[in-house]
Amino acid sequence: MIGRGEIAVVGAAESTKIGKVPGMSQIMLHADAALNAMAECGLKPSDIDGVACVGPMMPQQIAHYLGITPKWVDGTGVGGCSFMLHVRHAAAAIHAGYAKTILITHGESGNSRINATPRPPEPESLNGQFEVPYGPFGPPTLFPIPVLRYMKTRGVTHEDLATVSVVTREWAGKNPRAMFRDPITVDDVLGSRMIAYPFRILQCCLVTDGGGALILTSSDRAKDFPTKPVYILGTGESVETNMVSQMEDFSSSRAFRVAGPTAIEAAGIDRKDVDHLMIYDAFAHLPLYGLEDLGFCKPGEAAGFIREGNTRPGGKLPLNTNGGGLSYTHTGMYGMFALQESVRQMRGTAPAQVAGAKISVCHGVGGMFSASGTVVFSNERP
């Protein structure tokens, strides 16, 4: 077993620009973020001996582009939470001695579509056979399948879903790099353009360009770097099904229920110890599922928990403090940006810094509840 706090993040940076970056391809966004992360902790490509990224870019492309000769690589791709799994796998690799300094990168031209490759379901795939013929097209039309059942069984209203977007925008207003910063109301959300019932456009993620990178090493080596180390206390991962229509329970994600508690148990903490929480919010329902499936709220209580102000600025459990995928940025795979915000909060450098925060939980989703990854961070080594 990896010891609590045995592995640390010593480099963390996003691409120089996010939002609309039409002058950079996807591999350039990877490289920009990677070089920014290396620069802040005083490393060169020759110092990196492990590389992880997710398609369409492959580790061999990133390693060649940056001039890295790795001893360990990981191309695990399970959607937007792949980066949480990369952190987990990288920590295990360092613990095992397979590598000493691992770079995890992301870059995606979601808005400008520079060398972006569409990846529709193949006709012979399970999705292609059993979902696509019935008309859904992409996340906005697939996520409503479980959401409508969740709303009915949990008693969640349209106003509750809208409140998630409103509170997230409050945090975005404190972040100069957020794409959308102007305050919104529940009426604004419910009056915005319908995309696919029950989601209106202000309940759907942004579509942006950007990248990010993390550098991990052993905590014993962290003192050799100029950056403040952020320690990894625990991690978890799981998958369920790549067909949202075949979820075990539309009111709860089995992958969430495995990945989240696994990470929290490994970290040796209680939920009450958590000072800061990131829950991947491609759409407004995801924080509700996350709060309940990770055990921060009982089933059916998450909507009220948010409505009562517990997750907004000044609340007892600050959530998605960068503005989230709803208002900060969302390139298509958002997990890297959630991890970046957790690291910033633990370093004490976030634009909307949570005073005194010592433990951050970062939770991600891949596809339409098909996968999940969770990482527990701290700025104190146990």
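Predicted model: local features only at pLDDT ≥ 70, side-chain atom pairs only at ≥ 80, totals over all residues.
I started at A8, which stands opposite T217 in β7. Pairing here needs at least two bridges found by DSSP between two strands. β1 and β7 run antiparallel and are joined by seven bridges. Strands are DSSP runs of E with at least two residues, helices are runs of H or I with at least four, and both are numbered from the N terminus.

Residues count from 1 along each chain as its sequence is written, and side-chain values use heavy atoms, leaving out hydrogens and water.

Next I checked the other partner. β4 also runs antiparallel to β7, with eight bridges, and L103 stands opposite I215.

How many residues of β7 are buried? I got 10 of 10, where buried means under 20% relative accessible area, exposed over 50% and partly exposed in between (1.4 Å probe, protein chains only).

Then I looked at α1, residues 26-40. Its buried residues include Q26, I27 and L29. β1, β4 and β7 are among the elements that cover them. After α1 comes G42, with a positive phi near 75°.

Last stop: H330, in the loop between α12 and α13. Is H330 buried or exposed? It is buried, at 4% relative accessible area. H330 touches C205, L206 and V207, among others, contact being heavy atoms within 4.5 Å. The C-alpha atoms of H330 and G110 are 8.0 Å apart, though 220 residues separate them along the chain.

Methods
Expected span 1.5 Å × (residues − 1). Lists of a residue's contacts leave out its neighbours within four places in sequence.
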